[in-house]
Amino acid sequence: MANRKERKKVSFSKVLIYLFLGIASLLSLFPFYWMFVMATRPSAAYNSIPPTITPGGMLVENFQKVLNQIDFFQAMWNSFLICSIVTLVVLFISSLAGFAFAKFKFPGKNGLFIAILLTMIIPPQLGLIPQYFLVSKAGLLDTLAGVMVVFFLNPLGIFLMRQYVSESVPDELIEAAKLDGCSNFKIYRSIVVPIILPAFATLGIIVFTAVWGEFLWQFTVLRDPENYTIQVALASLSNTFNIDFGMILSGVFWATIPLLIIFLLFNRLFISSITEGSVK
Amino acid sequence: MSGQERGVKKRYRSEKKKDMISGYLYVAPFFIIFGVIGLYPAIFSVYLAFQKWNGLSPMSFVGLDNFRIVLEDPLFWKSVYNTIIMGLMGTAPQIVVGIVLAFLLNLTFLRFKNFFRITIFMPYITSMVAVALIFSVLFSNHESSLANYMLGVFGFDPVNWSTSEWGTKIAISIMVFWRWVGYNTIIYLAGIQSISNDLYEAATIDGANKFQQLLYITMPLLKPFIILTVFFSTVGALQLFSEPTIFLGAGAFTRDEALTVVMYLYRDAFKLQSFGTASATAIILLVIILFFATINTLITSGNGRKKKGVR
């Protein structure tokens with residue numbers, strides 16, 4: 001009897017828990033769904049009361065309007081190019097330095113490593129104005145390279161790579177390679193890199209998504225719509241006083257879909273990269 | 001024999017030298033990049049804060065004038081006020097909700113775990129620009145916008161979300177909350193998973209209910225993770241820029257309801273060409289960030305020690 005009562009109580013709290021999580025999931029998903037609804041409706045649907053909450057048939061028409069406003073595919077390509085190059089450069093610099101900090105002995109090593117950690121304290125705003133002039137002086141204003149350069153600085157990457165190399169690359173392996181006459185760079189290339197591929201994936205995701213979603217710097221450097229990244233291009237959609245909501249959300253929808261697909265395919269990797277990046 | 005030994009020694013020594021050179025060579029790229037786009041700009045920023053400069057004509061030294069101009073500008077203080085209010089409303093609830101969500105997501109009997117985790121985390125992968133645009137439609141001033149319609153259902157008057165003092169702040173805070181709560185949840189979840197299950201089992205045997213377990217086991221052991229997220233949330237919240245800029249659209253820099261400190265800085269520099277005061281603002285912002293990050297971190301760690309709930 002008592003047992004049954006207990007069970008009832010438990011199942012009631014279970015219902016509450018599922019209800020709470022269900023509502024949280026719904027609130028998380030709803031804006032995505034609603035973005036899709038608006039992307040498929042004429043702007044006028046927006047004025048109807050009660051609000052429209054089912055998709056319509058204007059997915060293509062609205063996107064056509066986006067294409068008239070911004071060079072959508074060019075902007076996606078620009079973002080993709082910037083993020084890929086920045087990611088590759090950061091991975092290379094970080095893994096090389098991480099390898100050195102993990103496996104080589106040289107005077108001042110610890111001091112240099114602490115210096116790298118300290119650089120994380122300098123906040124980006126302090127750099128915004130001088131970096132703008134620096135980029136402008138170098139003739140890189142309004143170029144993709146001008147966007148990229150500031151993102152090459154990534155102390156977190158070195159920190160993660162050092163951790164990973166010292167944990168997963170055995171010293172014996174390096175010693176053995178040295179006895180065989182391997183140069184240090186060859187050791188890096190043919191022993192370290194293959195072992196730390198998972199760390200590349202983690203850091204790669206962190207860097208790629210961070211640069212993809214960044215706005216302030218891209219917005220500051222880029223002027224010509226031809227050079228816009230997707231974030232700047234999307235932002236420019238709302239910069240008129242006469243706003244076409246269906247068009248805007250269609251642009252957002254098509255820019256978000258590739259990210260969502262990649263996320264759903266690799267969600268484990270995404271989630272673990274976030275905890276790696278921030279917790280360690 | 002001794003010759004061979006000497007050879008080994010020599011080789012060892014040259015090996016050591018090689019390692020040293022490689023070491024310096026491999027860490028050099030970072031320091032070169034840091035010097036050019038990290039350190040130099042930071043120093044230049046400090047220098048610029050004492051100059052009057054429009055970006056073109058020669059600079060002139062003005063001492064502390066820029067700081068005085070900024071600190072005496074009511075608009076600057078308004079931006080500080082806006083930033084703190086929106087930061088508080090956008091991030092403080094995240095910590096509470098994030099901990100509860102993480103705790104629930106870790107319950108052993110829970111089904112559809114992965115589904116819940118993925119959906120709650122999903123907002124984080126969308127860019128802030130996308131979030132701001134989606135929410136600017138959800139929270140538009142129209143009577144028919146979804147936010148106003150919902151208010152109407154509950155018997156409230158529609159709100160001018162993008163023009164009123166509190167409408168803008170609430171809408172922007174909700175955006176920040178929506179995008180980041182899943183991120184915090186995942187970090188807390190990682191923290192909770194590092195807590196041994198034995199503790200919960202022992203507590204269950206001792207008759208502690210789930211709420212007591214959350215309060216007396218999860219919370220204290222989660223402390224380092226909470227400190228971490230409080231630190232990042234504080235720093236992030238004080239740097240608020242994209243959300244209000246995009247949410248307010250064309251009028252973003254001409255109105256003050258949601259003008260943040262970084263927007264004030266941006267406006268000084270790139271709309272008014274007053275780079276000296278903008279640099280001074282950057283330094284003042286740095287001080288504000290350090291101040292709040294320290295205070296919040298201290299409060300969080302202090303609370304944990306007293307075994308009280310962390311807010």
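T168(B) is buried, with a relative accessible area of 0%; buried means under 20% relative accessible area, exposed over 50% and partly exposed in between, using a 1.4 Å probe and protein chains only. This is a predicted model, in which local features need pLDDT of at least 70 and side-chain atom pairs count only at pLDDT 80 or more, while totals for chains, interfaces and linings use all residues. Residues are numbered from 1 along each chain as its sequence is written, chains are lettered from A and ligands numbered from 1 in the order in which they are written, and side-chain values use heavy atoms, leaving out hydrogens and water.

**Surroundings of T168(B)**
- T168(B) sits in helix 7 (residues 165-193) of chain B; helices (H or I, at least four residues) and strands (E, at least two) are DSSP runs, numbered from the N terminus.
- Leaving aside residues up to four places away in sequence, T168(B) touches W161(B), S162(B), T163(B), F247(B), L248(B), E257(B) and A258(B); contact means heavy atoms within 4.5 Å.
- D268(B) is 100 residues from T168(B) along the chain, and their C-alpha atoms are separated by 22 Å.

**Interface of chain B and chain A**
- Contacts involve 89 residues of chain B and 88 residues of chain A.
- The two chains bury about 8,100 Å² between them, 81% of it on carbon and sulfur atoms; buried area is the accessible area (1.4 Å probe) that two parts lose on being put together, summed over both.
- In chain B, Y26(B), F30(B) and I125(B) lose the most area to chain A, together 10% of what that side buries.
- The rule finds 1 salt bridge across this interface, where a salt bridge is a side-chain nitrogen of Lys or Arg within 4 Å of a carboxyl oxygen of Asp or Glu.
- D19(B) forms a salt bridge with K178(A), with the closest N and O atoms 2.7 Å apart.

**Cysteines**
- A search of the whole structure finds 0 disulfides over all chains, a disulfide being a pair of cysteine sulfur atoms within 2.5 Å.
- C83(A) counts as buried at 1% relative accessibility, and C182(A) is buried at 18%.

**Backbone in two loops**
- Most residues other than glycine have a negative phi.
- D142(A), not a glycine, has a positive phi of about 65°; its place is the loop between helix 5 (124-137) and helix 6 (144-149) of chain A.
- Q273(B), also not a glycine, has a positive phi of about 55° and lies in the loop between helix 12 (261-271) and helix 13 (275-305) of chain B.
- Q273(B) counts as partly exposed, at 38% relative accessibility.
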